[in-house]
Every structure is written in structure tokens, then in C-alpha cells.
Amino acid sequence: MHHVTLDTWSRLQSPLHRLDARAKIVAALAVLVSLALTHRAPPELLGGYGLLITALALASRVPLLGLLLRAGLVLPFALGVAALNLFGGDPGRAVALLGKSYLSAYMVLLLLATTPLHALLRGLEWFGAPRFFLMVAQFLYRYLFVLSEQAQHMRRARQCRAGGRSWPAAGSTVAVLFARSYDRAERIHRAMLARGFQGHFILLDPPAAGARELLFLVVLAAALGGLQLALWNR
């Protein structure tokens, strides 16, 4: 899952992208909580959640196949716990665990793919998330681009010099990459301080929620309520 891909997706134009980040955060939390409440979800109910998230993904115009493949990265972590349930004689719970893990990752990935990071962090700040945590997350994400740029420069330089691949060379490359990235990060930080940075990122377009966001949340709540009602009536 390359950070540049998510950043590119988050800047597409679609009805879901234009929604306020706070509404999308509430929607994602609602889906995750609803999934968590389905302890022994049958496959058809999980399919209903999958269709709901897929409908949102189609409305976002984000490449659906890319989302589906990247959401599968969570499966190796859930596979071990699911295997314990399977060997313990509870295959239904194992399937439900895998399904809920995948759908949760699918929903979170869709949130990241439709919301630029600065808007997402501002929305979390509005809900009361610690500002220091949000600032660290912003810097970590931005420095991924610094690391990627430095790694690409070093790779191109090695190819120009017809350098081979070996474990000692890889170790020294990582050390040089860390040193160069650290120096670049220090220069970026000094430049930000020189421009008046005081630990708070300012948005050029302040967030504003309206009737569109309210309608989106009402429709989503109705869909989730229908899925939960279907579970209780089984």
C-alpha cells in the first residue's frame, strides 16, 4: 500500500470526496461499530456490509480493484486467530472474524482514500483528538515522501554506477538513507519554523457541514439499521 497512491486517490473529485471529513469519520465509525456488534454474522449479512461499502466506493470513483486488493493486507494478521477458532470447532466464528476484519480494513481504507490527510486530521481534532498526536501523525505521513524521494535518488545513483545487490550493500544503503532523510527532515523543520509554524496546521478551506452531510449520515444509518435488524430477526 504505497502512501503516494492513497494521497492521489484522496484528491479525486466525487460526491464522497466533497463531503465534510467529520461526516465521513462518523460514517466510518458507525460501520466499524456495527460490524463489531455482529458477533456471529452469517455470510449473507457480511455480504450486505460488503455491498454497502462497495456502493460507497463506487460513488467515490476510487479504483475498486485497488481498494479490494489493498484491504486484503489485513487478512494475514486475522488468519491466525481465525485458524484457532476453526480448529476449536467453531468455523462460523472463524469465517465471521475474517469477514469482519476484511470489511473493517475496507472501510478504513475507503475513508483514507477519499479524505486528504490534512482534512482528516482536522476532523479528528474537531472531535477532541490530542493535537500532539495529530501533529506527529501529520509529520510521519509527510516524511514518508521524504524517505521515498531519498530512496529513489539513491537507487538511481546506484543504477548509474552499475552497482550490484548484496546484503552488506543493502545494510549500508539503509544507514545512508536514514542519515540523509534525517538531515532533510531537520532542514524542513527549520524552514517551517522560519515561516511561523507553531505546532498547528491551518486549512485554507475551513470545514463546513450542511444538509448534504446530514442526508448522507441518515441514509447510512438507515442502511446499517436494516442490516442489524436482519441479524436480530434470524
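This is a predicted model: local features need pLDDT of at least 70, side-chain atom pairs count only at pLDDT 80 or more; totals for chains, interfaces and linings use all residues.

Trainee: What makes it a cavity rather than a pocket?
Mentor: A cavity is a space where a 1.4 Å probe fits but cannot get out, while a pocket is open. The largest cavity has a volume of about 70 Å³.

Trainee: Which residues line the largest cavity?
Mentor: Leu16, Lys24, Ala27, Leu56, Met107, Leu110, Leu111, Thr114 and Phe216 line it. Helices H2 (21–36) and H6 are the elements that give two or more residues to this lining. H6 gives the most, with four residues.

Trainee: How do you know what kind of lining the largest cavity has?
Mentor: You sort its residues by type: seven are nonpolar, one is polar and one is charged.

Trainee: On to H5. What makes its span close to the expected one?
Mentor: Helix H5 covers residues 75–87, which is 13 residues. The expected span is 1.5 Å times one less than the number of residues. For H5 that gives 18 Å, and the helix reaches 18 Å from its first C-alpha to its last.

Trainee: Where does H5 bend?
Mentor: At Val81, by about 25 degrees. After H5 comes Gly89, with a positive phi near 90 degrees.

Trainee: Why are some residues of H5 called buried?
Mentor: Buried means under 20% relative accessible area. Ala78, Ala82 and Asn85 in H5 are buried, so each of them is under that cut-off. Helix H6 (91–114) is part of what covers the buried residues of H5.

Trainee: And which residues of H8 are buried?
Mentor: Among them are Leu134, Met135, Gln138, Phe139 and Tyr141. H8 runs over residues 131–160 and has 30 residues. It reaches 44 Å, close to the 44 Å expected.

Trainee: What is the phi of Arg61?
Mentor: Arg61 has a positive phi of about 65 degrees, although it is not a glycine. Most residues other than glycine have a negative phi.

Trainee: Where is Arg61, and why is it called exposed?
Mentor: Arg61 is in the loop between helix H3 (43–60) and helix H4 (64–71). Exposed means over 50% relative accessible area. Arg61 has 55%, so it counts as exposed.

Notes. Residues are numbered from 1 along each chain as its sequence is written. Side-chain values use heavy atoms; hydrogens and water are left out. The bend at a residue is the angle between axes fitted to the seven residues ending there and the seven starting there. Buried means under 20% relative accessible area, exposed over 50%, partly exposed in between (1.4 Å probe, protein chains only). Contact means heavy atoms within 4.5 Å. On a 1 Å grid over the protein atoms alone, a cavity is a set of points where a 1.4 Å probe fits but cannot get out, and a pocket is an open set with protein on both sides within 12 Å along at least five of seven lines; lining residues have an atom within 4 Å of a point. Grid points are joined across faces, edges and corners, and a volume is the space filled by probe spheres set on the points. Ala, Val, Leu, Ile, Met, Phe, Trp, Tyr, Cys and Pro count as nonpolar, Asp, Glu, Lys and Arg as charged, and the others, Gly among them, as polar.
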